[in-house]
Amino acid sequence: FEFPSGKKLDKNFTIYDQDDSTAVIKAAVKKLNLDDKIYAPKYIKTIISNAKNKMQDANSFSTFARDFKSQQIAKVFDEYENSLNNNNAIDFDDMLMLAVKLLEKCPEVREKYFSRFQHIMVDEFQDTNKAQFDLVQMLYTNLSDKHMENRSLCVVGDVDQSIYSWRGADIRNILEF
């Protein structure tokens, strides 16, 4: 699979866990000579995770970085992504983002999974983020809108129990369903 930046992911890739990701961010903060008290690696990891859950890679994140601190975080994000790519690695947020991008860019893959899943159920829908919402939408609808009569999508959720907005969950997903 090729990233939007043009870099490729080999089939023997590694998935970095939270500790691996934080270590890479810590190294990026150090490499950029930033104060790790102001640019705490766990804080930056949360920002990067939230960006990826909104389907933003390092490049698109940097276009929205208006103030100095956000611009520095964008540099860390870019270093982080370069390190992942150089080590043939992804993080957990990439798994979801890359799945959505794959379904967007490869109609034959999207059609395969559209055909495979006739009934889709999503629990805790009030806590879905943009990437999760996009994934469900792509699995439920195909590009030609054919064969929709034998399909079902069921979502379960409670707007009063939405607890993951800090992690990118968008309550509008259930309110506008």
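Reader: Which residue forms a salt bridge with Lys 31?

Author: Start with the general idea. Side chains of opposite charge can pair when their charged atoms come close. Now the case here, in a predicted model. Lys 31 pairs with Glu 79 in a salt bridge, and their closest N and O atoms are 3.1 Å apart. Lys 31 belongs to helix α1 and Glu 79 to helix α4, so this pair ties together parts 48 residues apart in sequence.

Reader: Is Lys 31 buried or exposed?

Author: Exposed. Its relative accessible area is 57%, and the cut-off for exposed is over 50%.

Reader: How many salt bridges are there in total?

Author: The count comes to nine. Take another one. Asp 91 forms a salt bridge with Lys 45, with 3.4 Å between the closest N and O atoms. Asp 91 sits in strand β2 and Lys 45 in helix α2, so the pair ties together parts 46 residues apart in sequence.

Reader: Are Asp 91 and Lys 45 buried or exposed?

Author: Check each relative accessible area. Buried means under 20%. Asp 91 has 0%, so Asp 91 is buried. Lys 45 has 4%, so Lys 45 is buried too.

Reader: Which side chain meets Lys 52 in a salt bridge?

Author: That of Asp 94, at 2.8 Å from N to O. This pair also links distant parts of the chain: Lys 52 is in helix α2, Asp 94 is in helix α5 (residues 92-105), and they are 42 residues apart. Both Lys 52 and Asp 94 are buried. Then look for shared partners. Salt bridges that share partners join Lys 45, Lys 52, Glu 81, Asp 91, Asp 93 and Asp 94 into one network.

Reader: Back to helix α1. What should its 14 residues span?

Author: Count the steps between residues: the expected span is 1.5 Å times one less than the number of residues. For helix α1, residues 18-31, that should give 20 Å. The end C-alpha atoms are 20 Å apart, which agrees.

Reader: Which residues of α1 are buried?

Author: Ser 21, Thr 22, Val 24, Ile 25, Ala 28 and Val 29. Look down the helix axis. These buried residues fall within an arc of 160°, so they line one face of α1.

Reader: What covers the buried residues of α1?

Author: The cover includes strands β1 (14-16) and β2 (89-91), along with helices α2 (41-53) and α4 (68-86).

Reader: Which exposed residues does the face turned away carry?

Author: Asp 19, Lys 26, Lys 30 and Lys 31.

Reader: What happens at the start of α1, and just after α1?

Author: At the start, a side-chain oxygen of Asp 17 comes to within 3.1 Å of the backbone nitrogen of Asp 19. Just after the helix, Asn 33 takes a positive phi of about 55°.

Reader: Now the whole protein. How many helices and strands are there?

Author: Eight helices and four strands. From the N terminus on, the order is β-α-α-α-α-β-α-α-β-α-β-α.

Reader: What does the C-alpha trace span?

Author: About 60 × 40 × 30 Å along its principal axes. The protein has 177 residues, and 40% of them count as buried. The accessible surface comes to about 10700 Å², and 51% of that belongs to carbon and sulfur atoms.

Reader: What share of contacts joins residues 24 or more positions apart?

Author: Among contacts with a separation of 6 or more, 74%.

Conventions:
Residues numbered from 1 in each chain as written. Predicted model: local features only at pLDDT ≥ 70, side-chain atom pairs only at ≥ 80, totals over all residues. Heavy atoms only, no water. Helix = DSSP H or I, 4+ residues; strand = E, 2+ residues; numbered from the N terminus. Buried < 20%, exposed > 50% of the residue type's maximum accessible area, 1.4 Å probe, protein only. Arc of directions from axis to C-beta. Contact = heavy atoms within 4.5 Å. Polar contact = N/O pair within 3.5 Å; in protein donor to acceptor, adjacent residues only side chain to side chain. Areas by Shrake-Rupley, 256 points an atom, 1.4 Å probe, with all protein chains shown as cover. Salt bridge = Lys/Arg side-chain N within 4 Å of Asp/Glu carboxyl O.
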